[in-house]
Amino acid sequence: MTDAPQTGPDGAPLLIGMMGPNQHMLLQGVPHARELGMELLSVEPYRARLKVPYDPRLIGNPLTGVLHGGVITTLLDNTSGIAVFCAMTKFMSTATLDLRIDYMRPAEPWRDLIAEAHCYRITRNIAFVRGACFHDDPNDPIATSVATFMLASNSSRKKAKAAEGAA
Amino acid sequence: MTGLPSLADLRRMGDITQLLQAIPYIQFLGVTGERNGEQVTLTLRYSPQIIGNPTLPALHGGVIGAFLETTAIVQLVVSTETDRLPKPVDIGIDYLRTGRPLDTYAAATITKHGRRVANVRAEAWQEDRSRPIAALHGHFLMSGD
């Protein structure tokens, strides 16, 4: 664990501090994550770590056995989204606005992919996240990412819906 | 061995189906495609397995990114003389609208093709091509390491 504060920018306690053993639910509700065999390794304030086990169904280059870049994209997107949840003090829905990925080196065949993401800034409307994907050493990344997410509380979504209906 | 036909052969045959079928992950996602002259259009068939948010419901953002990246690579194979699969160097994806539980289409444009690196833009849409759900721009390494 890092010594990151257990509270959000507003001083309220973080949601993940209250989840306890229900943390695994964060991935269970995502059908495509289940389909990929994605696993939640750990969550802590503002950070998440996930894994996709090597699977021949996910190969992108049949000549080398290397996994498709899209698997890395999906893993970084999902890990970043959970890192945003790890920075929330009340539940809000998230939508990815932008995801940028640099591919530093090819993944190696037959090895699992791990991603870590850090939500380093969260405002009322937007969350900013950095991430990295690697085999076992975070300092030797296969890919790094930066992403922004739009946040919407349930009440603001209801208001938007009502405005749409009135228009 | 793996049944991946040579890329030069594929270009000559003018058929991208064999290329798509040779790549396991493309089959896993449920992507098919057609080629009209030089222009490739890929289809991501809707299935419940590609949902990311069941409440909305919405397609997984990662799948849309992966689909756009695949479209860029297939277009590069068709339009250039490359003898191996282009590798992504960097990609940026803008998410413009929710991906609804429908079939999704994508097409790519090669903005610049240098000797080693190509710059590509791709767009994904559902019912209305003029209302894209996501756009990608990226650089792809065509040769060398």
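Read along the sequence, chain A follows the pattern α-α-β-β-β-β-α-β-β-β-β-α, which amounts to four helices and eight strands, where helices (H or I, at least four residues) and strands (E, at least two) are DSSP runs numbered from the N terminus. Chain B also has four helices and eight strands, arranged as α-α-α-β-β-β-β-α-β-β-β-β. The radius of gyration of chain B, taken over C-alpha atoms, is 15 Å, close to the 15 Å that the globule rule gives for 145 residues, so chain B is as compact as a globular protein of that length; the rule is 2.2 Å times the number of residues to the power 0.38.

This is a predicted model, in which local features need pLDDT of at least 70 and side-chain atom pairs count only at pLDDT 80 or more, while totals for chains, interfaces and linings use all residues. Residues are numbered from 1 along each chain as its sequence is written, chains are lettered from A and ligands numbered from 1 in the order in which they are written, and side-chain values use heavy atoms, with hydrogens and water left out.

**Confidence**
- The predictor gives the complex an ipTM of 0.91 and a pTM of 0.91.
- Chain B averages a pLDDT (the predictor's confidence in each residue, from 0 to 100) of 91, and 92% of its residues score at least 70.

**Burial and surface**
- Of the 167 residues of chain A, 50% count as buried, and of the 145 residues of chain B, 53% do; buried means under 20% relative accessible area, exposed over 50%, and partly exposed in between, with a 1.4 Å probe and protein chains only.
- Chain A exposes about 8,000 Å², of which carbon and sulfur atoms supply 55%, whereas chain B exposes about 6,700 Å², with 48% from carbon and sulfur atoms; these areas come from the Shrake-Rupley method with a 1.4 Å probe, and for residues only the protein chains shown count as cover.

**Contacts and extent**
- Among contacts (heavy atoms within 4.5 Å) in chain A between residues at least 6 apart in sequence, 63% join residues at least 24 apart.
- In chain B, residues 24 or more positions apart account for 60% of the contacts with a separation of 6 or more.
- The C-alpha atoms of chain B fill a box of roughly 45 × 30 × 30 Å along the principal axes.

**His113(B)**
- His113(B) is found in strand β6 (residues 104–113) of chain B and, at 43% relative accessibility, counts as partly exposed.
- Leaving aside residues up to four places away in sequence, His113(B) touches Thr80(B), Ala118(B) and Met142(B).
- Ile91(B) and His113(B) are 22 residues apart in sequence and 16 Å apart in space, C-alpha to C-alpha.
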